[in-house]
Amino acid sequence: MNYIVFDLEWNQSPIGQAGEHPRMPFEIIEIGAVKLDESYNVVDEFSRLVKPKIYTKLHKIIKQMLSYDEKDLKKDGVPFKQACSEFLKWSGEDSVFCTWGSSDLYYLQNNMDFYYMDKLEFPLKYYNIQQIFADKYDPDGNIWKLEKAVEELGLNEEEPFHTAVNDARYTAKVLEAAKLGDITDKYTFDIYRHPKKYEDRVEAFHDGRLDEISEEFPSKRAAMSDKELSMIRCVKCKRKTSRKIKWFAATSTADVAVGKCLYHGFMEGVIKCKAVGDSTDNVFILKKTVPISRKEYENLKKREQQVYEKKREKERQRREATREAAAASKTKKQ
C-alpha cells in the first residue's frame, strides 16, 4: 500500500460573492502530490497546473501567496478533468490519501462533481496528518499550520510554501520527522458524501474510539430520537453502557453524554449535527465515542449542571418578562 500525500491550490471569485459560481465556490488551479511507501519513503511525485474555466483572474490575496500568475496557468495549465484523471491514475488503486487538514479532499470532490466525473469510493478513509500531528504535539489539541509544524520539527525550508507539490513534500517530511509511528488505525472518514439511508450507516471501531456517521434525518430532534444513535457503547467490548449523563448541549456545536461499562469504565459520546447542504432541511449525525477517566466524567457532570442552571435562569427571565409585559398591557388598558 502507498500513501498519497497531496495538496491543492485553488482560486475564488476576485469580486467576492457577487461573482461566485453556486456549484463551485473554489476552483482548483494546482494539484501536487508525493507517493510514499509504507516506510514513508518518497517513491514518486506528481505536479500539474490547472487552467481555470470559471475564475480566470486570480483573487488578489491568492495571487500574493502564489509563485505563478494567470499567464502561467493559461500557458502551462491543463483542463481540470485531464489533471484530475492523471492524478487519480498516478495514485493507483492500492493507496490511501493523506492531507494537511480536511479541505483538500472536500474541494477535490466538489470540482470533480462540477465536471460530472466519477465519484471517489464511499465511505472514503483518509489520514488527516494535521490532526494526527496535533494529537501528539499539542496537549490542547490545537490545529497547527503546516509552516509552524515544519518550524517546530526544525526541517529545512528550502522551497516556498503555497505551491501544491512543495506543501505535499513538507507534509510528507512532517509525517516522517514527527515520529508519528504506525498511523494505520488513525484514519478518519471524509464527509463530502454521507449515508443516505440506514443501510449505508458508517460504523468503525478504531484507534481506541468508535466513529459513526448516520443516514439523513428530517431534523436533529428526529436524529436524537434514534435509539441506536443515542445509545453509548463501550469502545473495547462493544457492549451497551449504563447511562450516567443524558445527552445535553455541551457547546453550540456538540451534544455530549456519558455511559459506564461494567468492565471498562466511563465512555463519552459526542454528537455533531451536520446540515445536508442542499435545498432540504435534512441533517446527518457525526458521533464519536471515547473512553474517559473518572475525573473527566466528574468535570462533564459539573458542565451538565452549569448548562442546566443557565437554561433554568433563562426560562425564569423569560417568564418574568412575560408577566411584566402582561402587567404593562393590563395597566395600559385601564
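F133 is buried in this predicted model, with a relative accessible area of 0%. Its ring has a partner: W100 and F133 form a tilted aromatic pair, 5.9 Å centre to centre and with 50° between the planes. W100 lies in the loop between β4 and α4, while F133 belongs to helix α5 (residues 129-137), so the pair ties together parts that are 33 residues apart in sequence. Is W100 buried or exposed? At 12% relative accessibility, W100 counts as buried, because the cut-off for that word is under 20%.

Let us turn to another pair. A search of the whole structure finds 21 aromatic pairs. One of them joins F6 and F87, and this pair is tilted too, at 5.5 Å centre to centre and 55° between the planes. F6 sits in strand β1 and F87 in helix α3, so their contact ties together parts that are 81 residues apart in sequence. F6 is buried, with a relative accessible area of 2%, and F87 is buried as well, at 0% relative accessibility.

Here are the two pairs side by side.

| Aromatic pair | Centre to centre | Angle between planes |
|---|---|---|
| W100 and F133 | 5.9 Å | 50° |
| F6 and F87 | 5.5 Å | 55° |

Helix α3 (residues 80-91) has 12 residues and reaches 16 Å from its first C-alpha to its last, close to the 16 Å expected at 1.5 Å a residue. Which residues of α3 are buried? They are F80, A83, C84, F87, W90 and S91. Seen down the axis of α3, these buried residues fall within an arc of 130°, so they line one face of the helix.

Just after α3 comes G92, which takes a positive phi of about 85°.

Conventions. Residues numbered from 1 in each chain as written. Predicted model: local features only at pLDDT ≥ 70, side-chain atom pairs only at ≥ 80, totals over all residues. Heavy atoms only, no water. Helix = DSSP H or I, 4+ residues; strand = E, 2+ residues; numbered from the N terminus. Expected span 1.5 Å × (residues − 1). Buried < 20%, exposed > 50% of the residue type's maximum accessible area, 1.4 Å probe, protein only. Arc of directions from axis to C-beta. Phe/Tyr/Trp six-rings, centres within 6.5 Å; stacked < 30°, edge-to-face > 60°.
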